[in-house]
Amino acid sequence: MSTLASSATAAPIAVSPTSSDDSFEVASQWQLMWWKFTRHKIAVAAGVVILLLYFIAIFSEILAPTDPNKNAAAFKYIPPQGIHLFEDGTWNFSPHVHGFSFKTDPRSFRRTYVEDPAKIVPIGLFVAGEKYKMWGLFTWDVHLLAAVNKRDPFFLLGSDRLGRDNLSRIIHGTRVSMSIGLVGVSISLVLGLILGGISGYYGGRIDSAIQRLVEFLRSMPTIPLWMGLAAAIPLEWPPLYVYLIITALLSLIGWTSLAREVRGKVMALKGEDFVIAARLDGVKERKIITRQILPAFASHIIAVTTLAIPEMILAETALSFLGIGLQPPVVSWGVLLREAQNINTVATAPWLLWPGLFVVIAVLAFNFLGDGLRDAADPYS
Amino acid sequence: MPDVLLEVRNLSVHFPTRSGVVKAVDGLDLTLYRNKTMCVVGESGSGKSMTASAILQLLKKPGRIAGGEILFHHKNGRVVDLAKLKANSEEMRQIRGGHIAMIFQEPMTSMSPVHTIGDQVSEMILLHEKVSKAEAKARTIRLFGRVGIPDPEARYDIYPFMLSGGMRQRVMIAMALSCNPELLIADEPTTALDVTMQANVLGLMQEVQKEFGISIMLITHDFGVVAEVADDVSVMYLGRTVEQGEVHDIFRAPKHPYTRALLNSIPKLDAIPGHRLTQIEGMVPSPFNRPSGCPFQSRCPDRIADPCARECPELLDAGTSRARCYQYDPAYAALWQPALAEVAK
Amino acid sequence: MTAQMPIAADPATRDNLCLDIRDLKVHFTPRKRFGHKQQNTVKAVDGVSLAVPDGETLAVVGESGCGKSTLGRAILRVNEPTAGEINYRPRGGDWVDLATLGNDALAQYRLDLRMIFQDPFTSLNPRQTVLDAIGQPLFAHGVNRREVRDRVADIMGKVGLRPEYMSRYPHAFSGGERQRIVIARALVVRPHVVVADEAVAALDVSVRAQTLNLLQDLQDELKLTYLFISHDLSVVRHISSHVAVMYVGRLIEYGPTETVFRQPLHPYTSALLSAIPISSPDLRGKVLRQPLSGEVADPANPPPGCHFHPRCPFATEVCRTQTPATTPVPGGGTVACHHWAELSLKGMPS
Amino acid sequence: MLMFVLRRLLSFAVMMVLISIAAFAIIQLPPGDFITTLAAGLERSGDVDTAQLEFLRQRFGLDQPIWVQYWRWISAIVFHGDFGYSFMWKKPVADLIWDQLGFTLIISIATLLFSWVISFPIGVYSAVRQYSWGDFLFTFIGFIGLAVPNFLLALILMYVGFQYFGQSVGGLYSPEFQDAAWSWGKFMDLLAHLWIPIIVIGASKTAELIRIMRANLLDELNKPYVTTARAKGMTEVRMLVKYPIRLALNPFVSTVGWVLPSLISGAVIASVVLNLPTVGPILLNSLQSQDMYLAGAFILLLSLLTLIGTLVSDILLAWLDPRIRLE
């Protein structure tokens, strides 16, 4: 009972209000957190990377050089081309890539492509190329960077077994993979907030029931469970349905960790003196939840949510890679990596592993960002 | 002439932080004598606990001793400067536990929750003395009995969480005494205890001091504890000793304005109930925002701008005790004469 | 079980009271968990009857686990009472039993009975400005923002905070200043009764005196009644007019502070008083200590009869089997001890 | 302690029942019953055995309500070890699963031990030498380990092995031992192949465990009992080993409860890429061809393994921590 003032109250940051530095005194919690977050350089950089990825996801039609599903039987397994800015041997600005000619190995009869400097494929910015329906709303044909002639081969990151452009596919895959993380986490968040909140706020029997459910779900080996559930999705369902169902499946299990966090925080907060004070002040229960309890752990939940997104992305990638997640023609990073399942394919076309790099970058960025947010969430430490 | 055991001279402990260096201890002087109890009193932020950790080089990172001497006088007359020793050197480890033992505020967290209390105490004996395990155990059980743990043999094998706070602090005392140290540093040993337990633990400490012939350095914020057990008192404010002297003198005639104000601000049982307490104005300044000159000047009722804003003097002879205040500097004392005369009337 | 007599049943003496608590019980029954043994009910407050004189300070003292905080919280209905009455008389109003009121009926009395918490760091929401914190009860009761500002500025001046700081956040203040904010929040609605739960325990010595003075000044100015819960007996002696001593959920002695401190009637009170550290080294050896052996009983599993009997030097057979009744004593107090009349106990050490 | 174990066993049993229901539900999820699917398949191939179909319908009570079907399924498993029939393999499921499960178990446990053995000292080092170069290096590697999906790691390893060392890294045996009887040579060959799946499956968990161990130990290092131990005059190493590391071990051990499930999950995916004879490929196959009794048996048994892992970790934790043991 007698916690006397020896060390506990010696908060080094509590500056006496006689100090002249007024910005600190009147800074709200969010401002303090923002200041603390910006000190975390890696997290800020990761935040920029994530914004960039979502930018790609939003404008993938424009950013992709061509239609991700455009087959070109003549250009199977084309290796990545390098961009040349000037006309060969001169300083005339004329951005282009080189075309290809075939070469057949006389012994194995395998066809290989050889870059042919004689064939010039002119490229340009904001070129009219393949038509697409922007956000499914209106038809357009402008591409940020594309071959001037849309029939020319232009494969910055190579092509796959059907001659589709790897880069365009990755860019479109970014939309699906990044959004699945976001949508999935949103569903988890709603479930986690509601169930965790109820569990922590009311306690008692409801709490034990929800806790048992959480324990149960957590003790299941997730991949076999997902596999079982995903495999039950009828093959003939439209891709959008499958996308939604897969997202729902991922969040069905993903919410448990969020619910635990929410429950812990709510439990601790509802007994906090300042919450009791609010109740005694006559503040309505609904306002106590929305004004006192929710804001007190919102920052923490944002951090935890950020850390949950990469897990969703990894899970989707894994399922799609196994062929029981998203199905073509939908492209996600996982669907793309499926093309690289066979070691022989990887050996001939290692550029098919490029989507993997995007997965790694996205997951890393979310983890760094989440860590930074978590540190910033408690501005007093 | 009493026998000096430990002398701290001009000790500084610094904590580098993002917002600047916090001088937790800033030019501290302290003298401890054999077989005496020295109480170090101060409020939060006074650096009293930091001083205790610094003596045994147990400062938490990034804290470090930035200057000064900590002279420990061995029985054979050899003097070691503990501030110069490496934190994990053989010699420092001999001192820890062997010559200077320490107990802490929170006896629950100060012990490992997964080791038995017997193990944690007898370990200390085994570390410092060449005895068999059985012997160490027997000694531990004897010590448990001495510090008033009922049924010590059975308690040897239990875990700290099975004991009450008062019992845990007894275990800590037994541990501290186990290698017959010359000095026991007790950092707020009774703060976490109820008043009846506090009385028991303080009583026990006084008993064992006589019995084992040790010195005690007791760190506290509570003048009641000081009145109970101290021989000497050292009052700290913002990392400095502002007054040091014999306990009766300090209570009868505090010399430093801070000591005086602090003693007056405590509700006393022999005072008239409900009387207005003499209060110290203002708050303890934050360590980032300490006043230049005398650290107490921002709250001092006797402040006279001219000398007080200058760099603080050393501990000066103030008659019955020594105080760090310009009032006792012969060069400035005259400035306070009219005010003192007023008080005398 | 021996019924505990309500202590202030006499209507004549009830006139100067504002709270009349009768046989209040707050029991916590741990929920039975499947596969676990049913744990004992913790009788945190077990049949306490207490009279709080209007406009004065009643201190509740005891060691940790004695139920003093729970008692304070039960009066404010933070902890729900299991049984008993909490009779309250508002200024110029009639007696009402707070224990039985529904939430809506209770709401109006929530402005009359307020609370000051122990830890100024946890009792303020770090996300609220000082204005929102102090003004919270006013906002909750629909006072418009302009008036709230005025009243907050007014009360901030009263507790010694500069009203200019009302748009700052708590992190900009030191512990002592935060406690002033907490006090201002309790007083901004001009309450009648304030429950102060260890209100100065977390404060530094030099700040404690300021806060105690402030509480006394405000009491005089605003005619407040304090229920002052504390473990610090010197502070209690300083501030209170009446004192109630609790031990393991029960009230064991009650009376005017001076009487209880000088002439305690319960052996526990006497032991508690003898444990107070002396105020001057000159008193060393002049004070007779009565060290208590053993530990405070576990409220989930208290000993039968008088809960204090295992530690009491005067315990007899009757103490081990029968709960002592609360008996009125000369001087307006009560005591719950079988042998109080035969004992001659020592008071405070000075 | 005994009460604790009994209580854990009880909740284990309850969990198992729930999981069996979940597994059964998954079997039931695909539209139509599997006999219809089977009949359709058989019709296409032309050898419809109506009598056999009818027998199966009877055997699994497909004309009965759902709970009866569940009861028949689970009681056959519990009382007779009969997991049903695989239509793809045309064999009883029980004849198909044990080898794969055995390998899954071996690989998962080997990976768990590997992860522990690697992450424990690294975690300790990172915490004790916080903010040192080594700490930064391990933290960085840890982040990479977290971010690379294990199948991608498998692909990269295979690619590197294929491209630069000219050898296949899949499988568990060299071709000459593939069908050989068990011998010392085969065992050594197994060990030689085992490390790749172990790295692939264990990389991300090792990274995670390093972070957990580091955080745990940093927590413990800040506790007052560490200061007490130093004040006793213990050497730093001895103090670290006896107190904070010992205490940080508790939460570390309890991680087995969720590390094991995710290792088993990871093994399923990695095995598909690395072509290992574990549950992975055959489970995937059975799911894709809706060979539901086989799939159900695997899901049930994998969950059982997981639960046993959790149970063991809880009991281990209770044994390590007197506060739980003596409750």
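Two residues are in contact if their C-beta atoms, placed from the backbone, lie within 7 Å. Keep that in mind. This is a predicted model: local features need pLDDT of at least 70, side-chain atom pairs count only at pLDDT 80 or more, and totals for chains, interfaces and linings use all residues. Residues are numbered from 1 along each chain as its sequence is written, with chains lettered from A and ligands numbered from 1 in the order in which they are written.

Start with chain C. Helices here are DSSP runs (H or I, at least four residues), numbered from the N terminus. Helix 3 of chain C spans residues 130-140, and nine of its 11 residues are buried. Buried means 20 or more other C-beta atoms within 10 Å of the residue's own. Among them are V130(C), L131(C), I134(C) and L138(C). What covers them? The cover includes helix 9 (273-280) of chain A, plus helix 4 (145-158) and helix 5 (175-187) of chain C. Just past helix 3 of chain C, G142(C) has a positive phi of about 75°.

Next, chain A. Its domain assignment, automatic or from a database, gives domain 1 (74-160) and domain 2 (170-377). Their C-alpha centres are 39 Å apart. Six residues of domain 1 of chain A and seven of domain 2 of chain A make the contact. On the domain 1 side, four are nonpolar, one is polar and one is charged. For those classes, Ala, Val, Leu, Ile, Met, Phe, Trp, Tyr, Cys and Pro count as nonpolar, Asp, Glu, Lys and Arg as charged, and the others, Gly among them, as polar.

Notes:
Buried ≥ 20, exposed ≤ 12 C-beta atoms within 10 Å, placed from the backbone. Helix = DSSP H or I, 4+ residues; strand = E, 2+ residues; numbered from the N terminus.
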